[in-house]
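Visitor: I have a structure open and would like to go through it. Can you put it up and take my questions as they come?

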Amino acid sequence: MAVDPRQVLAGFLTISMFAMLGNMIKRDHFDSIEVSIQETSVVQFDALKAEEKSVTQVSTESSPELKPCWAKPVPNAVVIARYLGAILVIPDIRGNEVGQRRNFEDMYDADNFTARLTGVIEVVRELPAEVTTENPAVIRVPNRVSEDFIKNNIQPVFRTKSYLRLATFFPSINLKASGKPNTDLDSTACLAMFGSLVMKQEILEVVDRMVERLRTLSRNTGSQFIAIDIRVDVLEKKSCREKSNGRKPCYTAVEIRDFLRKVGFNADNTIYLTETWWHESLNPFKEVFPKTYTKDDLIPAEKKGHFLQSGGAELQRALDFQICSKSDVFVPAISGLFYGNVAGKRITWGRTQILVPSQVPSSSPTASNFISPYVSKKNHVAYSCFC
């Protein structure tokens, strides 16, 4: 069936750390205090009018896996498209650097994405050639997009300029829940964050091989497998060194080493770091925890060229996200969107062993004293999306 070029919604997805399609993706400080770490996480969409349609040992007992409790809704750009009456074009994926771009199918299961939106909105794979030369009107859309915002800020422009680019930005950094989803927009966030994007099978297979190797190493010593999100390039940024209201937004390798040791972990523990290659600043950590590995140590040799090549940052973070979500224990050394998204995935899987680092007093606390408030207070948005 021919597509009227005036009746299409085209999407371009720009991600860093899997900025998922959704209107409630936010960053969060370890203790729910906002921080100023800047991570490029922008979702852009182009729209055209569419025809009217309708530890020491942290307890290894996992929480029950949760079940979705939202009605079938639409993701952030889709709720706008549906409100306006439009068709969604499967987006490209753009990295942090100018010119970095991948096809959606390079990272995600496009068939699943399309299937999950069946009955919600029509999806096509390519922007019609007739409109590729047109200049869109660009509208910045906050991630908590509301019906009033669409009606007051987008619809009037859409009436006069049928080709729009919607750039989603993140004005706040909080993934806290606000109750069970009771509106189409609430359900939108739930489907977007937890139901519409599935990694490509090739990525999942590499993750399974890496995780199995880490688990084998752990079983050999009867210890737990810990994943730590720590990236030297981020730790060196000014925003990571400055405190917010006296609180630290990031922890160095030495500080994480001391934290783990004080709450009871030891040299037997197998540890995965999200740093891609070894960095000399990590040496003091490995002196205490010798069974520490990076992606370079674990990726199957035949896959290194594809995943570790220059410009492969998004693929590398895809591996990090999956491994951190599947580990026995997750420790975020850096607050931000990645921490919140991993926490959400772990909560839905019942993997609630998430330890937030802190300055440990001279007494002897247990690891359970440092469980993420996302879990201890059940205030992550995942708890409002799943029952």
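Guide: One term to begin with: a residue is called buried when its relative accessible area is under 20%.

Visitor: Fine. Is Cys-324 buried or exposed, then?

Guide: Cys-324 has 0% relative accessibility, which is under the cut-off, so it counts as buried. Bear in mind that this is a predicted model.

Visitor: What is the average pLDDT of the chain?

Guide: The protein chain averages 75, and 69% of the residues score at least 70. Residues 1–55 have a pLDDT below 50. That stretch still has 255 contacts in the model beyond near neighbours in sequence.

Visitor: And the overall make-up? How many helices and strands?

Guide: There are 15 helices and 11 strands in the protein chain. Of its 387 residues, 57% are buried. The accessible surface is about 16,400 Å², and carbon and sulfur atoms account for 47% of that.

Visitor: Let's do the strands. What is the order in the four-stranded open sheet?

Guide: The order is S10-S9-S8-S11, with parallel pairing. S10 (292–293) and S11 are the edge strands, each pairing on one side only.

Visitor: What does S8 pair with?

Guide: S8 (residues 225–229) is joined to S11 by four bridges in the parallel sense. Four bridges also join S8 to S9 (residues 270–273), again in parallel.

Visitor: Which residues are bridge partners there?

Guide: Ala-227 has Phe-330 in S11 as its bridge partner. Ile-226 has Ile-271 in S9.

Visitor: Back to S11. Which of its residues are buried on each side?

Guide: In S11 (residues 329–332), Val-329 and Val-331 are buried on one side, and Phe-330 and Pro-332 are buried on the other. Both faces of the strand are therefore covered. As background, side chains in a regular strand alternate between the two faces of the sheet.

Visitor: What does Met-210 touch?

Guide: Leaving aside neighbours within four places in sequence, Met-210 is in contact with Tyr-272, Lys-295, Leu-298, Ile-299, Pro-300, Leu-319 and Ile-323.

Visitor: Two cysteines. How many disulfides does the structure hold?

Guide: One. Cys-240 and Cys-250 form it, with their sulfur atoms 1.7 Å apart. The angle about the S-S bond is -125°, and the link is left-handed.

Visitor: What does the pair tie together?

Guide: Cys-240 is in helix H7 (residues 238–241), while Cys-250 is in the loop between H7 and helix H8 (253–262), so the link connects parts that are 10 residues apart in sequence. Both cysteines are buried.

Visitor: New topic. Where is Ser-325, and what does it touch?

Guide: Ser-325 is in helix H12 (residues 313–326). Its relative accessible area is 0%, so it is buried. Not counting residues up to four places away in sequence, Ser-325 touches Val-342, Lys-345, Arg-346, Trp-349 and Arg-351.

Visitor: And Ala-382, buried or exposed?

Guide: Buried, because the relative accessible area of Ala-382 is 0%. Ala-382 lies in helix H15. Not counting residues up to four places away in sequence, Ala-382 touches Phe-194, Gly-344, Ile-347 and Thr-348. Ile-347 is 35 residues away from Ala-382 in sequence, with 6.8 Å between the C-alpha atoms.

Visitor: What about the loops? Where does Thr-366 sit?

Guide: Thr-366 is in the loop between helix H13 (337–349) and H14. At 39% relative accessibility, Thr-366 counts as partly exposed. The C-alpha atoms of Thr-366 and Val-263 are separated by 5.2 Å, although the two residues are 103 apart along the chain.

Visitor: Last one. What is the phi of Lys-378?

Guide: Positive, about 50°, although Lys-378 is not a glycine. Most residues other than glycine have a negative phi. Lys-378 is in the loop between helix H14 (373–376) and helix H15 (382–385), and at 57% relative accessibility Lys-378 counts as exposed.

How values were computed: Residues are numbered from 1 along each chain as its sequence is written. This is a predicted model: local features need pLDDT of at least 70, side-chain atom pairs count only at pLDDT 80 or more; totals for chains, interfaces and linings use all residues. Side-chain values use heavy atoms; hydrogens and water are left out. pLDDT is the predictor's confidence in each residue, from 0 to 100. Contact means heavy atoms within 4.5 Å. Helices (H or I, at least four residues) and strands (E, at least two) are DSSP runs, numbered from the N terminus. Buried means under 20% relative accessible area, exposed over 50%, partly exposed in between (1.4 Å probe, protein chains only). Accessible areas come from the Shrake-Rupley method with a 1.4 Å probe; for residues, only the protein chains shown count as cover. Two strands pair if DSSP finds at least two bridges between them. A disulfide is a pair of cysteine sulfur atoms within 2.5 Å.
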